[in-house]
Amino acid sequence: MSTTADTLHSEHEHHPYGWRRWLYSTNHKDIGTLYLLFALTMFFLGGLSAMAIRAELLFPGLQFLDPDLYNNILTNHALIMIFGAVMPAGAGIANWMIPLMIGAPDMALPRLNNLSFWILPAAAMMLILSFIVPFFPGGGTQINTGWTLYPPLSVQVGMSMDFLIFAIHLLGISSVLASINIIVTILNMRAPGMTLFKMPVFCWAWFVTAFLLILVVPIIAGGVTMLLFDRHFGTSFFNAAGGGDPVLFQHLFWFFGHPEVYILILPAIGALAQVIPAFSRKPLFGYHSTVGAMLVIATLGMVVWAHHQYTIGMSFAAVNYFMIGTILISIPVGLILFNFIATMWRGAMTFETPMLFATAMVLLFSFGGLTGVMLAVIPADIQYHDSMFVVAHFHYVLIPGAIYGLFAAVFYWLPKWTGHMYDERLAKIFFWVNMISFNLTFFVQHFLGLAGMPRRIIDYNVIFAEFNFISSVAGLIYGLSHLLFLYIVIKCIRGGKKADNKAWEGATGLEWELPSPPPFHSWETAPRVK
Amino acid sequence: MATPPVDDATRRRNRRTALLLGAFAIVVFFSSVPFWKNLIQTALNAAR
């Protein structure tokens, strides 16, 4: 894409200093940074809970947790990672990059942007309180439902569930507001000449994701509101004794929960669509089909939710529909992966850290998708259901599919954000330690599941001891490897080799026409895209 | 200054689009309670 961008920017860098700069911020870059810092903090908190889970499962028998606390930690691990880490990290990158990539001076609604972010710490506090409250006198029982919050268990749990419900409400409000902002920015704020089909795929990915969020987050908000009413106001939405149906909650939850997977993955796919062409030094193969495939994934992803519920006793016709729909999703996903591989084909490829993570994502996410197809098949799923195979499957989907994509994006744009190149040698060490330990942690869990080890259980039979030991030791290394990531990021922020405007030789797009780091106010004069 | 200037027409268009999307989200939220409950329960009853 060639531009006749007027890259002149006014010299003023007027912005508030100290805490006011962050608390009152309406600047997309500052709010993006806040999102990223928040996500990183929650990522380490979620990681800590994962370490506790794996340490407990190091040997058979109870080690240092009791079953209720184990279930509480398990629930919080999922909620913190999904709502606290991955979603805000994606939103942070979107905030930073979308205005720069479409030539907009800022997000369309900067004050709404501030509100979207500052709801998050309040939500996080509620989430953490839901974990802590049971330890106080009168705090009730611990949350032992897992992130799915199925009734009747979630109706019986103590007051910590109310904190969790309000945390989900706040997180939902934040997500919907951020999504509205992203859609409005993309629709109304593009630079002259930047048509929708000239827009970078990363922006398209967020455009689709934002619509998905607006369509499904209110559904889970409705679901947990009904749960709240069942708990405190005598309704019987999910109470069979009162004429309700507990399975209804499962439908509402998964109507949100399944698209949520694509909400986590699509922004990462969008990032890869920027990274892979840059390091293959070729334009993206199949721009239109990649965008089309994302739209198909979003559409199909919304109508196959009950494949998470094969065992509830649906009719044969219903489970068949959900099976076929689910398997169909592998076609657009496969198309995107094909486009990525075709982009690499005969490209002048180099493997800097963003490309390493991108390649790992293509390979390992395909593997996670493959076990997904296995799980979509009804008779097989009835065997795998609620086993460690499912745990292995969704970690193979979400770690490479979402987190590796985010790592690729962070390493790709870190020079743009900070103005410094990161330490490539350390970053490569981080990649290899992370990737190998990730595989050792989760690959063996497939075998554990196939051999019959149930998920969400604190103790296990001694026949599962060896693989659990491997998984726990590797998991500990995997967790600790992220300290190296933290060090690399801090080192990069503090200094290092100066990054050029265009930090990567093969990178294309408007963001690379701005200085690194970009001025506080960028694209005050809109670029003209040819 | 906190945000770079945006012309009034764009500002109005932004506000209109945001309100439309916000109203849509609220409709989805409220529709989830009676609508999905009835729809899914009808489907479940039919499946039984």
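This is a predicted model: local features need pLDDT of at least 70, side-chain atom pairs count only at pLDDT 80 or more; totals for chains, interfaces and linings use all residues.
Leaving aside its neighbours within four places in sequence, which residues is Met159(A) in contact with?

The residues in question are Val133(A), Gly139(A) and Gly140(A). Take Gly140(A): 19 residues separate Met159(A) from Gly140(A) in sequence, and their C-alpha atoms are 6.0 Å apart in space. As for where Met159(A) sits, its place is in the loop between helix 5, residues 153-156, and helix 6 of chain A. The cut-off for buried is 20 or more, and for exposed it is 12 or fewer.

Now chain A as a whole. Its secondary structure consists of 15 helices and zero strands. Along the principal axes, the C-alpha trace of chain A spans about 65 × 50 × 45 Å. Of the 530 residues in chain A, 53% count as buried. If we take the contacts in chain A with a separation of 6 or more, 83% of them are between residues 24 or more positions apart.

Next, two pairs of helices in chain A. I begin with helix 2, residues 28-56, and helix 15, residues 465-494. Their axes come within 9 Å and cross at roughly 160 degrees. Angles over 145 degrees count as roughly antiparallel, so helix 2 of chain A is roughly antiparallel to helix 15 of chain A. The crossing of these two helices is left-handed. On the helix 2 side, the residues that meet helix 15 are Gly47(A), Ala50(A), Met51(A), Arg54(A) and Ala55(A). Among those they meet in helix 15 are Ser471(A), Gly475(A) and His482(A). By class, the residues of this contact are four nonpolar, six polar and one charged.

The second pair is helix 10, residues 316-344, and helix 11, residues 353-376, of chain A. They pack at an angle of about 165 degrees, with their axes 10 Å apart. That angle makes helix 10 of chain A roughly antiparallel to helix 11 of chain A. The crossing of helix 10 and helix 11 of chain A is left-handed. Helix 10 brings residues including Met323(A), Val333(A) and Phe340(A) to the contact, and helix 11 brings residues including Val362(A), Gly369(A) and Ala376(A). The residues of this contact divide into nine nonpolar, four polar and no charged.

That leaves chain B. Chain B has one helix and zero strands. Of the 48 residues in chain B, 12% are buried.

How many residues of chain A are in contact with chain B? There are 31, and they touch 23 residues of chain B. The elements that give two or more residues to the chain A side are helix 6 (160-188), helix 7 (201-232) and helix 8 (246-280) of chain A. Helix 7 of chain A gives the most, with eight residues. By class, the side of chain A that touches chain B has 20 nonpolar, eight polar and three charged residues.

Technical notes. Residues are numbered from 1 along each chain as its sequence is written. Chains are lettered from A and ligands numbered from 1 in the order in which they are written. Two residues are in contact if their C-beta atoms, placed from the backbone, lie within 7 Å. Helices (H or I, at least four residues) and strands (E, at least two) are DSSP runs, numbered from the N terminus. Ala, Val, Leu, Ile, Met, Phe, Trp, Tyr, Cys and Pro count as nonpolar, Asp, Glu, Lys and Arg as charged, and the others, Gly among them, as polar. Axes are lines fitted to C-alpha atoms, for helices over the stretch in contact, and angles run from 0 to 180 degrees between N-to-C directions. Angles under 35 degrees count as roughly parallel, over 145 as roughly antiparallel, 65 to 115 as roughly perpendicular and the rest as oblique. A crossing is left-handed if the near helix is turned anticlockwise from the far one by less than a right angle, and right-handed if clockwise. A residue is buried if 20 or more other C-beta atoms lie within 10 Å of its own, exposed if 12 or fewer, and partly exposed in between; C-beta atoms are placed from the backbone.
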